[in-house]
Amino acid sequence: MAPHSFFNVNLLLILALFSVFNLCFAARLLSTASPQDQLLRYHNGALLQGTISVNLIWYGYFKPSQRAIVSDFITSLSDSDATASNPSVATWWKGVEKYYQLSNPKNPSSPSLHLGRQLLDEKYSLGKSLSEDQIIQLAAYGEQKDAINVVLTASDVTVAGFCVNRCGTHGSKSSIVKGKNQKFAYIWVGNSETQCPGYCAWPFHQPIYGPQNPPLGSPNSDVGIDGAVAVLSGLLAGTATNPFGDGFYQGPATAPLEAASACPGVYGKGAYPGYAGDLLLDPTTGASYNAHGSNGRKHLLPAIYDPSTSQCSTLV
């Protein structure tokens, strides 16, 4: 099955003419639609529920420190201890739970995500230039049931569409498990450190186009991976609320506006094109962030579109 959502920079060149960074056509639809149209409509499909393992498939070479940043972020989604330092990643994830209350008011049941298996392919078994089909092939190495299989490609791996019109994507794939047809959800995110940090690692890198504000300090001192976490978090929100292409979204199913992609470039209050918003500042490193995570990590996470208020909800 083809991917049905992506974090993209589809119209970045055109939008740059209007000094707009990190917006896409879907975002412009949001601004011109009527209040009723702005609601992400539920298409009556299945949402992810129960205990979901998030399996990480590392394609290419990643430093152990880079793998730790991502795995700590996944752990933070359900780490109750991390909520002691608010705002937290776990608190951010609660914004996704509102969609479950709308889909099933009598018995809302949002998924509990936990870190599953981590698979390393450091020898580039499929080469250093991957197609969409090869991304799905890699994703299939993870679990086939009650799972989100996340493929992360290293900074020297090119992927079809990467840096051209997308920074990551999510979709689903059918498989046979014990004689039954099952669907598993997958996500792909690329490390944009050397290929297109001005596209996919903003605001930790100065944008190629649009307002040329100074870049922010990355919370874990890794521009490519901190940018990847920002993309991954938004795709996780979209995967939970629209895993199989018939959940919550607005617009065409092939390029939907979802829980996080409905708020492009918004990370804190007061955000506007080219400005991520008013964020927290680490007094020691000078890094910007909006969420505390496991093992003392800090992360920058996108705003979640709140279906109850028709507004983008930020942690700070």
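Q: Why is Asn149 called buried?
A: In this predicted model, Asn149 has a relative accessible area of 0%. Buried means under 20%. Asn149 therefore counts as buried.

Q: Where does Asn149 lie?
A: Asn149 lies in strand E6.

Q: Why is strand E6 called largely enclosed by the rest of the structure?
A: Strand E6 covers residues 147–153. Seven of its seven residues are buried, so the strand is largely enclosed.

Q: How do you know that both faces of E6 are covered?
A: Look at each side. Ala147, Asn149, Val151 and Thr153 are buried on one. Ile148, Val150 and Leu152 are buried on the other.

Q: What makes E3 and E6 a pair?
A: Seven bridges join strand E3 (residues 51–59) to E6. Pairing needs at least two, so E3 and E6 pair. They run parallel. Val54 stands opposite Ile148 in E6.

Q: What makes E6 and E9 a pair?
A: Six bridges join E6 to strand E9 (residues 180–190). The cut-off is at least two, so these strands pair as well. They too run parallel. Val151 stands opposite Trp188 in E9.

Q: What makes the approach of Ala139 to the side chain of Asn149 a polar contact?
A: The backbone oxygen of Ala139 lies 2.9 Å from a polar atom of that side chain. The distance cut-off is within 3.5 Å, so the pair meets it.

Q: Which residues is Asn149 in contact with, leaving aside its neighbours within four places in sequence?
A: Among them are Asn55, Ile57, Ala139, Gly142, Phe184 and Tyr186.

Note on methods: Residues are numbered from 1 along each chain as its sequence is written. This is a predicted model: local features need pLDDT of at least 70, side-chain atom pairs count only at pLDDT 80 or more; totals for chains, interfaces and linings use all residues. Side-chain values use heavy atoms; hydrogens and water are left out. Buried means under 20% relative accessible area, exposed over 50%, partly exposed in between (1.4 Å probe, protein chains only). Helices (H or I, at least four residues) and strands (E, at least two) are DSSP runs, numbered from the N terminus. A polar contact is a pair of N or O atoms within 3.5 Å; within protein, one must be able to donate a hydrogen and the other to accept it, and residues adjacent in sequence count only if both atoms are side-chain atoms. Contact means heavy atoms within 4.5 Å.
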